[in-house]
Amino acid sequence: MSDSNSNDLLGPRVLLPALCCGGLLWLSQPPLQLWWISFVAIVPLIYLISAKQRFKKRDYFKLWMVLSIYWLISLQGLRHAHPLMHGPWLALGTYLAVYQTLFVAFARYLFHRGIGLLVVVPIVWVAQEYARNYLLTGISVLMLGHALVNVPVLVQIADLFGSYGVSAFLALVNLCLWQTFLVWRRQIQPKQYRSSLAVTLVSVVAVTGYGLYRLSQPTGEKLATFALIQRTEAVEYVLDPDRQVEMFQNYAASSVDAARLTPQVIDAYVWPESMYSATNPYVFADVDVVVPPQFPGTQTDFENSIRRQQMAFTQRANFLQSNLRRQQPDAVENPELIVGCGVVEYGQEVDVYSAVLNINADHRVDSWYGKTHLVMFGEYIPILPFIPGLKSLIPPGMGLQAGDGGKLMRVRDTLVAPNVCIETAVERVTINQMQQFHQSGKTPDVIVTVTNDGWFDSTSVIDHHLRCAQMVAIACRRPVLSAANNGPTAWIDSRGQIVERLDTGDSGAVIATPTRDERISLVVRMGDWPAAATLILAVTLGICVRRREPAKCVQASPTGLAENANIRGEEESS
């Protein structure tokens, strides 16, 4: 059979499996959340890896196009943020589809050169997930393992290997079920997949047993009580001052309602990202401050202006905290505030941060955390600020500075690690911070994340964000408290399960009293090196087999579809 005839026969066999894979992946994740479908979701891709016909560039292009549609549908909520977000949404969807296309291409390259599917599928799948968690700032959303987040017994291994471990487990199960189908169809001999069956059964028993063990472990005493405030405030890139003040007042009113309706004393109120700013961000000046050129006054005038802003900030906190205390007669001191608020630092230049503030009972800012993982083209534009004369072209809100690392806040006897927005959706950010805290001997008791997902209306992007936070809770073995404008506002325990949440679009409060969990997970101790090892191993295997002849190796492959096919003389190209 000629190459052209072979490829003509292959055309429909690429499109149909690709469509099936995209559909199955979508069904297994929000909004439908049919988690059990994830056990077969990548079977169509394994079929493509096993197929003996030669692939050409246009076949991979078809695969990439179909997978791009899956990503664009799954993340279509991103385009709701702003009309100009249609471009980044299209770019992100088509970019993420590249990784799964490369999974098929590279897995075919290894498999048809003699590396068994039992090795190829889980290793290459995890390798591509690891790569996309790092390249171009990285993103963890919609990892394969996230499909099982609401099946507690199967996701506890995330404290060993992060979400990568759950993804590897699912990839292994997908392979085993595919090969079981082939045995039933008598397309491979039973002995050819016994190793896959044995490894999968051992993995299922191990994952389930470990999950039951972790779920049975008790946690410690109750920690501080937090009120997680949620409202559905319409947001825009540029808000007029009156609207900013209105949003602050609405969140203040909801906080007062939460205080009045809650019998137990609330130790801290948590507000979503940027909701506390209200034309009066937290400002301070360095010793070597330079007066901004747009300020109409002297150095002394500028310093006095800074002091007036700081005084107004303190007076506003005093008014709010005093009102909250009056609503709770049993409170012996003012509650603390953990709030999303802008921070402006005046020095040689003016630096602006998206931040979380810890305002203590004396209305002073005890500490603040500047968001370290900024959103490309949403909060900063790469390269442009460093080109002379072009910094002024950056639109308002897109010139933020990254913070200088993780910070700890204290609410009564509870140590809090704050995160902002996308940081829980890039799993390594929170895990790396936890690792640094652990190495310093000050491991936090709880992770508090503040976000503003009002940009995405009521789309499934919000649920994807929540699932990322659930996996972070397991990986770090710490409760995660999320306060979000429009959602997801939720109390997540250290097993990754939602104790209480507000529905997307609702207004109200979640009163969370998490418990102490002193377990230190393996992934916090050692980071994501096992996932990095899969990428190193995949590349190493690719180098080792590069001189092999594909056709000969397919015939010798121990665990695949093509062993019994008459493929002598046909060549495989990845």
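**Salt bridges.** I searched the whole structure for salt bridges, taking one to be a side-chain nitrogen of Lys or Arg within 4 Å of a carboxyl oxygen of Asp or Glu, and the search finds 15 of them. I kept in mind that this is a predicted model, in which local features need pLDDT of at least 70, side-chain atom pairs count only at pLDDT 80 or more, and totals for chains, interfaces and linings use all residues. I also noted that residues are numbered from 1 along each chain as its sequence is written, and that side-chain values use heavy atoms, with hydrogens and water left out.

I looked at E221 and R516, which form a salt bridge whose closest N and O atoms are 2.6 Å apart. The two residues are 295 apart and link distant parts of the chain, with E221 in the loop between helix 9 (194-216) and strand 1 (226-230) and R516 in the loop between strand 13 (508-512) and helix 14 (522-526). E221 has 45% relative accessibility and so counts as partly exposed, whereas R516, at 17%, counts as buried.

I next noted R501, which forms a salt bridge with D463, the closest N and O atoms being 3.6 Å apart. This pair also links distant parts of the chain, since R501 is in strand 12 (residues 498-501) and D463 in helix 13 (residues 461-476), 38 residues apart. R501 counts as partly exposed because its relative accessibility is 27%.

I then checked R519 and D517, whose salt bridge has its closest N and O atoms 2.7 Å apart. R519 is buried, with a relative accessible area of 13%, and D517 is buried as well, with 5%.

I also found a network of salt bridges that links R231, E233, R243 and E246.

**S254.** Leaving aside neighbours within four places in sequence, S254 is in contact (heavy atoms within 4.5 Å) with I229 and R231. At 10% relative accessibility, S254 counts as buried.

**L357.** I located L357 in strand 5 (residues 350-359), where it is buried with a relative accessible area of 0%. Beyond its neighbours within four places in sequence, L357 is in contact with a set of residues including Y282, F313, L337, W368 and M409. The C-alpha atoms of L357 and M409 are separated by 8.9 Å, although the two residues are 52 apart along the chain.

**Helix packing.** How do helix 2 and its partners pack, and at what angle? I take axes as lines fitted to C-alpha atoms, for helices over the stretch in contact, with angles from 0 to 180 degrees between N-to-C directions. Helix 2 (residues 43-50) packs against helix 8 (residues 163-184) at an angle of about 65°, with the axes 9 Å apart. That makes helix 2 roughly perpendicular to helix 8, on a scale where under 35 degrees is roughly parallel, over 145 roughly antiparallel, 65 to 115 roughly perpendicular and the rest oblique. The contact is made by V43, I46, Y47 and S50 of helix 2 and by N174, L175 and W178 of helix 8.

I found that the axes of helix 2 and helix 5 (residues 117-132) come within 12 Å and cross at roughly 125°, which makes helix 2 oblique to helix 5. Here L45, I46, I49 and S50 of helix 2 meet L117, V121 and W125 of helix 5.

Definitions and conventions
Buried < 20%, exposed > 50% of the residue type's maximum accessible area, 1.4 Å probe, protein only. Helix = DSSP H or I, 4+ residues; strand = E, 2+ residues; numbered from the N terminus.
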